[in-house]
Amino acid sequence: WVVDVDPDGQDTSDPTLLATDVDGLSTATNLKTGNYWVSEGTNENYHVLSGNCTLNNESTGKGGDGISSFGGVTVATDTTTYCTFINTLDPGSITVTKFTDPSQSEQSFTFNLSGATTDATSLSDNQSHAFDNLRPGNYSLSEEALSGWDLTNISCSSNLDKIISPSEIALAAGENISCEYT
C-alpha cells in the first residue's frame, strides 16, 4: 500500500509517498504542526471500507465508507497522530443457469456450491442463481443427478478470461464466473 501525507490546502501534485511494510504500517516523520491531507493509494482487487485518524484518542480527520482520502488531520508537537485504513478484498460471484431439453420443463434441479462457502439452490429451466459476495478461494459447483435426466453440457466463463472447470474453481478477488448446465 502507498500512503500520501500532504499539508491541507497545499499543492498535492508532488506528494509525500510512504510505502507500508509487511504489517501494513508506515510512518511519516518530521512533520510540522498543522493540518494534513491523508490518502491511501488503490490496490488491485481491494477496496477501502473506511479510514480515520486519531490524536490523543480523539478523532482528527475521518473518511466515510469507501473514502480513501480526507483532510483535517491534525499533527501536534510531541504527539503521535495515528491513521488507519480498513480494506477488504473485492468479493466474487459464481452464477449458475439451468437449461433443459425439452425446454420450459418445470422439473427442479439442485445445485451445490462447496468450498470456502457452502450453499445450495434449486433451479428449473432457464433460471439462474448467483452465489454472491464470495471470498476468493477454491470452490466446486455441481448438479445433483436426477433420475430420467442426463447432464449433456456444462460451460463456464469468467470475467477474467480464464478456463473454468466447475469442479475446480479457483475464484479470484473480484472475479465473476457464470456456468450453464444443460
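Two strands count as paired here if DSSP finds at least two bridges between them. That rule sits behind the first view of this predicted model.

**View 1. Strands β4 and β5 run side by side, with Asn-52 opposite Lys-62**. Strand β4 covers residues 46-55, and its pairing with β5 is antiparallel, over 4 bridges. Look for Asn-52, which stands opposite Lys-62 in β5.

**View 2. Zooming out, β5, β4 and β7 make an open sheet**. There are 3 strands, in the order β5-β4-β7, and the pairing is antiparallel. β5 and β7 (81-89) are the edge strands; each has a single partner, so one side of each has no neighbour in the sheet. From one strand to the next, the twist averages 20°.

**View 3. Thr-60 sits in strand β5 and reaches over to Thr-74**. The strand spans residues 58-63. Is Thr-60 buried or exposed? Its relative accessibility is 7%, and buried means under 20%, so Thr-60 counts as buried. Its side chain comes to 2.7 Å from the backbone nitrogen of Thr-74. Setting aside neighbours within four places in sequence, the contacts of Thr-60 are Cys-53, Thr-54, Leu-55, Gly-72, Val-73, Thr-74 and Thr-81.

**View 4. A disulfide links Cys-53 and Cys-83**. Their sulfur atoms are 2.0 Å apart, and with 110° about the S-S bond the link is right-handed. Cys-53 belongs to strand β4 and Cys-83 to strand β7, so this pair ties together parts that are 30 residues apart in sequence. How do the two ends compare for burial? Cys-53 has a relative accessible area of 0% and is buried, whereas Cys-83, at 33%, is partly exposed. Cys-53 also turns up in the previous view, as one of the contacts of Thr-60.

**View 5. Cys-156 and Cys-179 form another disulfide**. Here the S to S distance is 2.1 Å, and the link is right-handed, with 115° about the S-S bond. Cys-156 lies in strand β13 (residues 154-158) and Cys-179 in strand β15 (residues 176-181), so the bond ties together parts that are 23 residues apart in sequence. Both Cys-156 and Cys-179 are buried. The count comes to 2 disulfides; with the bonded cysteines numbered in sequence order, the pairing reads 1-2, 3-4.

View 6. Beyond its neighbours within four places in sequence, Leu-141 is in contact with Ile-94, Val-96, Phe-111, Asn-112, Phe-131, Pro-166, Ser-167, Ile-169, Cys-179 and Tyr-181. As a bit of background, nonpolar side chains tend to be buried together in soluble globular proteins.

Technical notes. Residues are numbered from 1 along each chain as its sequence is written. This is a predicted model: local features need pLDDT of at least 70, side-chain atom pairs count only at pLDDT 80 or more; totals for chains, interfaces and linings use all residues. Side-chain values use heavy atoms; hydrogens and water are left out. Helices (H or I, at least four residues) and strands (E, at least two) are DSSP runs, numbered from the N terminus. Buried means under 20% relative accessible area, exposed over 50%, partly exposed in between (1.4 Å probe, protein chains only). A polar contact is a pair of N or O atoms within 3.5 Å; within protein, one must be able to donate a hydrogen and the other to accept it, and residues adjacent in sequence count only if both atoms are side-chain atoms. Contact means heavy atoms within 4.5 Å. Axes are lines fitted to C-alpha atoms, for helices over the stretch in contact, and angles run from 0 to 180 degrees between N-to-C directions. A disulfide is a pair of cysteine sulfur atoms within 2.5 Å.
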